[in-house]
Each structure stands twice: as C-alpha cells, then as structure tokens.
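Here are my notes on helix packing and the nonpolar cores. Please read them with the structure open.

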Amino acid sequence: MAQFYSPKRRVTTRQNSPVLTLTVDNLDPFGQGVAHHNGKAIFVPGVLPGEQAEVQLTEEKNKFAKGRLKRLLSRSPQRVEPRCPHFGVCGGCQQQHAAESLQQQSKAAALVRMIARETGVTPQQEPVIAGPQYGYRRRARLGLLWQPKQQRLVMGFRQAASSDLVPVTQCPVLHPELEQLLTPLRACLSALQVARRLGHVELVLADNGPILVLRHLDALKEDDRQALQAFARTKNVTIYLAPDSDSLEKLCGETPYYQVDGLRLDFSPRDFIQVNDHVNQQMVAQALEWLSIQPNDRVLDLFCGMGNFTLPLARRAAAVVGIEGVATLVANGQYNAHKNRLNNASFFHENLEEDVEQQPWAAQGFDKVMLDPARAGAAGVMSHIVKLAPERVVYVSCNPTTLARDSKVLLSAGYRLARVRMLDMFPHTGHLESMALFINGSAPEVAAK
C-alpha cells in the first residue's frame, strides 16, 4: 500500500545507519520504491517493485523511513533505460527508469486507494487518459546563471532537492520543437552583452510556433535586441522580454494561440495553459461527455482560467458562467469568447477562497458544475456547489488529497461518485492528476466507454 509523507516534516537523520537488504513491494505516486522492515514503510528512490536492493537508511520516523540505494541485487522486467542523459541528477523527472505501464498503474491504484481511505467509496479503476510518454511538454522554465570563473552561461533545470542548476543540452520530455532550441538558444544568450544579468528563460509551444520569454535584470542594448531578433528569424520563434515579474514586451513574432474542441484560444505566454496538449484534448472531451450537456443547460465553470473548459461548454449549453481569480485570464476568456462568437459565455473575476455567497454569480441557478482548482482544492466553494444542487459535477484535480477532502462534501450531500479517471498529464514525474464525476440523487449514470 502506498503511503504518503511530506518532505517538509522534521525527520531524524541517522548517523552510521546499517545497510539493509530489502525487497520493494510497490511504487508510491512519486516513483519511490516502498519496502517494509520491522513493520515500517521504507521509501527508496530508484528501486522498482519486485527488486531486491541493499539500502542505507538516511531518515527515520516512527511510521516510515527513507533510504538510499547502495546496490541493486535484482532487476525488474519493468525497469527500462532512461532516455534522458540528465536523469537522476535533474530534478524534473523521477520515473524514467520505470515502464510506462508500471507508472500509470501505480498512480491510478494510489488514487483509488486514497479516495477509498478518505471517503469510504472505492471507485472502479478505469483506463488512464494518456498521451505520448516523451515529447509531451509544451512549456518549461530554464534557469540562467553566469559563472565568472569559467566565463560561461549555464542554462538548465534545478537539481533534485537543490537550487543548483543542471546544464541541459537535451530534454526528451520537451516537445521536439522546444528541445531542438536548447543548444542554439544557450549559444545566442551567451553572446549577449547582458549575458551576466539574465534570470531565466521560458519556452512555450503555441499551435503557431515556439515562444521565448527572456527575464533580464538589466536593460537590453540595441545590439542585444538585434541579436535576439536574428535568432527569432532563424528559428521562427516569437520573443517576449520580461524586465521584471510584471512587465512583458513583445520583441517580435505573432500572438500565440492553441486550439481545443475546434476553438482558437489566444493567450499571453505568462497565462496558464495545460502543459500536455494530448491529455488536455482528451480531458476536455471527457468532461463534456460526463457532464452530458443539454441545449437548455446553464453551466458553472469554477477556476475557469482563460476558458479551456468554458468555451467548449458554451458551444453546447444555453449559458456558461466562468469564475476565475486572475484578472488577465478573465480578460482573455472574454476576448476569446467574443472572437469565437460565443455570446452565451460570461466571465467573473472573483476570489473563490472568500465568501462566495456575496459574489454576483452565486444567486444564479445552474444545472451542471465544472471545476478545476489549484493544488489547494476548492474547500471555499464546495458548500455552495451543494446549495446549487446541480445534476452533475465534474472535478478536475492536480492533488488527490484535496480531491478526496472535497469529495466528502458532495458525498455527504447525497451525490454519488460515479466515475474517476487518472490523467497522465506529467509522465515520468510524481504529479498525480485526475478527474471525477459526481451525480446528484437518482440521475442516470454515464456509461463507461
């Protein structure tokens, strides 16, 4: 059984701890092997179920311990060769050594166990919503650091549990259009006069091409601007400059957009968009199916962002209301609704962690509710959803702990948990995303496909 712990908890580091020979039982959702010794769970990164290993304990608590792999004594048939040369040092991926099927099965099983433990309801395991295991990321932020002794610019990702940068020349989980920019981009940035005063660079892949956002700490001189524009022309890249955390200047290129459900959504490179386009397309389609939208339905979309669900819902429903706490996302949602001629979609800029009873949308009636909150979940709005008494609720979650917590509010109000699916949004990582369907009373359940 997978057990969860927080790395922020105070732990005791054992000095001169013994080396144990352990056999791992399974994986936790973060990709760590779970073994047991004297009734205590021991988490060991890098070891797979069925493998025997020599493990040295590094941290110990009453109910669990952590260990470090010293020597692998047997190999699982589900162990694979990591594709990335930086795996094990870069902190971005934790599970490239595990077969795709093992990663998905472990996460899906952990999701079901957690929901069952917290709610008393054991959902049926369903097929995972997944896409390609590599080349899936359409967004990444790389740190930039000038090393004066070596007189070079380092560009890369953070090491695991460290602020140090790992110089990256390859990243197989990045979309190929972004990965192929890594080496020429570092060369371009290294040659800038402002190379010593760069913060980070963000790469985003829109449907109309790659975007680069450069955070620079000093003003760019004209020579540097021209060098970046030349890079943009050569690599067909749109470039934005970010002199601070609030400002954004388009240096050159087109307005980025992505498509979902046949709609075009323009966005700013700092706007939140789902990192995995393949999974996002399937996730939106699944939400639409589960909600079973009828032409006369009024739908509420909470934590709606710039309308990733709102606008596809508006194509099918009589009216859709989107609620979002970030003003720029609300403005983009309104713009994209107008551009796609969806006059039945309206957006409100509201903080859903405050008293929602006083917010202007709260008194309206809704037949269906869609919500996609951040990791903190939706505790502030769950009781109001119950008060609205929608026929169906679809909850998309990036944190199974808060999903389980919020589910209890709906279950105690008479809803039933009809469907749960794991979303493999971030293969090779410890992220566990999912979506759940709740049906009110005796409404018909959606047939599984």
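1. First, a convention. Axes are lines fitted to C-alpha atoms, for helices over the stretch in contact, and angles run from 0 to 180 degrees between N-to-C directions. Bear in mind that this is a predicted model.

2. Start with helix H1 (residues 100–119) and helix H9 (residues 400–412). Their axes come within 9 Å and cross at roughly 45 degrees. H1 is therefore oblique to H9. The crossing of H1 past H9 is right-handed.

3. Look at the H1–H9 contact itself. H1 contributes Leu111, Met114, Ile115, Glu118 and Thr119. H9 contributes Pro400, Thr401, Leu403, Ala404, Ser407, Lys408 and Leu411. By class, the residues of this contact are seven nonpolar, three polar and two charged.

4. Now take helix H3 (residues 182–190) and helix H4 (residues 222–235). They pack at about 165 degrees, with axes 10 Å apart. An angle over 145 degrees counts as roughly antiparallel, so H3 and H4 fall in that class. H3 passes H4 in a right-handed crossing.

5. Pro184, Leu185, Cys188 and Leu189 of H3 meet Ala227, Leu228, Phe231 and Lys235 of H4. Seven of the residues in this H3–H4 contact are nonpolar, none is polar and one is charged.

6. The largest nonpolar core holds 87 residues. Leu189, Leu214, Leu228 and Ile239 have the most contacts inside it. Helix H5 (residues 277–291) supplies the largest share, seven residues. A second, separate core has 33 residues, among them Ala362, Val369, Val393 and Phe438.

7. Which residues does Ile239 touch, leaving aside those up to four places away in sequence? They are Leu212, Leu228, Phe231, Ala232, Glu249, Lys250, Leu251 and Cys252.

Technical notes:
Residues are numbered from 1 along each chain as its sequence is written. This is a predicted model: local features need pLDDT of at least 70, side-chain atom pairs count only at pLDDT 80 or more; totals for chains, interfaces and linings use all residues. Side-chain values use heavy atoms; hydrogens and water are left out. Helices (H or I, at least four residues) and strands (E, at least two) are DSSP runs, numbered from the N terminus. Angles under 35 degrees count as roughly parallel, over 145 as roughly antiparallel, 65 to 115 as roughly perpendicular and the rest as oblique. A crossing is left-handed if the near helix is turned anticlockwise from the far one by less than a right angle, and right-handed if clockwise. Contact means heavy atoms within 4.5 Å. Ala, Val, Leu, Ile, Met, Phe, Trp, Tyr, Cys and Pro count as nonpolar, Asp, Glu, Lys and Arg as charged, and the others, Gly among them, as polar. A nonpolar core is a set of buried Ala, Val, Leu, Ile, Met, Phe, Trp, Tyr and Cys residues joined through side-chain atoms within 4.5 Å. Buried means under 20% relative accessible area, exposed over 50%, partly exposed in between (1.4 Å probe, protein chains only).
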